[in-house]
Amino acid sequence: MGQTRPSSTMQMPATLFELRGLCKSFDPQVPLIADANLTVYEGETLALIGESGSGKSVLLKIMMGLMEPDEGEVLFRGKNVHMMDQPALDDMRRQVGYVFQNDALFDSMSVLDNIGYGMREHTKASDEDILERAQDCLEFVGLERWRVKLYPAELSGGQRKRVGVARAIAMRPKVLMYDEPTQGLDPQSITRIANLIIRLQKELNATSVIVTHDMRTAFTAADRIALLHEGRFEYVGSPAQFAYHDAEPVKEFIADALEEIQELPFLQAAHQASREDVTQTQIPPSPGAV
Ligand SMILES: Nc1ncnc2c1ncn2[C@@H]1O[C@H](COP(=O)(O)OP(=O)(O)OP(=O)(O)O)[C@@H](O)[C@H]1O
Ligand SMILES: [Mg+2]
């Protein structure tokens, strides 16, 4: 994963999020996020991986302006998220769909009201439009339209995850942030959600940030992978670069899934190609990446 600088002929993708020198800890003795730097490019799918408790969910919340960093800044399309006034924050959140870890559906609200929440809060859409959109979103995630009338307690875990995705896409966002979208699901549901993420990328042409422990999802869905290790992003690269990387933290993290990953034919092909020209990554790694 050598430092890949785009050549002058390569078109630079626009920057969507820029994380600069982010620091956050809840206990002064234990730094959690410590000088994290990362760029998310417009149109890419970035998988964010790291050990449990390494600060991935905290990082997403900081990016969304739901949590303050101790130091550093997050820029969204060039604007500092933590300096935005409420209308600017609302505007950003309209553009960014967020699939929370553990669904975070409102238990007291029906599926319709969960999915339609953003439209109700932020638009003047009529009840009929909201119902229509909610049903369309359900269909998109592979659930029947009649399920709008159910409550979260009446759904299975995988169905709740899918309603979480339906809620995130209801406002037709250009950016999707998924926090562990496949956690706790059976292999069939994991595949269904991973395919859904890939389909959303294609059909909405969305930029996606996926926090996941599931290496198959990370390696098949992402253009780039970023490993949050000891509070920083020292390792950022393409799936092929990650699959064959020899830095200890990378190897340790993906060891359990390595065989399965290295059998993915497109990764083998990309690895072969990258041997010939390691600079030909589609999207350049962020500054400071190895
Ligand atoms: N609001 C908070 N107050 C105090 N500590 C917090 C808070 N939010 C998170 N933490 C702590 O920060 C650390 C990182 O939490 P975070 O949820 O970001 O981990 P994670 O990388 O998402 O883990 P997982 O993969 O298990 O979801 C944890 O030790 C957690 O207890
Ligand atoms: Mg988490």
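**View 1. Confidence along the predicted model.** Among the elements of the protein, mean pLDDT is lowest in helix H11 (residues 265–276), at 67, and highest in strand E4 (residues 71–76), at 97. Here pLDDT is the predictor's confidence in each residue, from 0 to 100. Helices (H or I, at least four residues) and strands (E, at least two) are DSSP runs, numbered from the N terminus. Two stretches fall below 50: residues 2–8, with 11 contacts beyond near neighbours in sequence, and residues 276–290, with 31 such contacts. Residues are in contact if their C-beta atoms, placed from the backbone, lie within 7 Å. Where pLDDT is low, the predicted coordinates should not be read in detail. This is a predicted model: local features need pLDDT of at least 70, side-chain atom pairs count only at pLDDT 80 or more, and totals for chains, interfaces and linings use all residues. Residues are numbered from 1 along each chain as its sequence is written, while chains are lettered from A and ligands numbered from 1 in the order written.

**View 2. The shell around ligand 1.** The surrounding residues include Phe 26, Leu 32, Lys 56, Val 58 and Gln 101. A residue counts as near if its C-beta atom, placed from the backbone, lies within 6 Å. Gly 50, Ser 52, Gly 53, Ser 54, Gly 55 and Ser 57 also surround ligand 1.

**View 3. Ala 153 in its loop.** Ala 153 sits between helix H4 (127–140) and helix H5 (157–169). Ala 153 is exposed, because 9 other C-beta atoms lie within 10 Å and the cut-off for exposed is 12 or fewer, with C-beta atoms placed from the backbone. Its C-alpha atom is separated by 9.9 Å from that of Leu 105, 48 residues apart along the chain.

Definitions and conventions:
A residue is buried if 20 or more other C-beta atoms lie within 10 Å of its own, exposed if 12 or fewer, and partly exposed in between; C-beta atoms are placed from the backbone.
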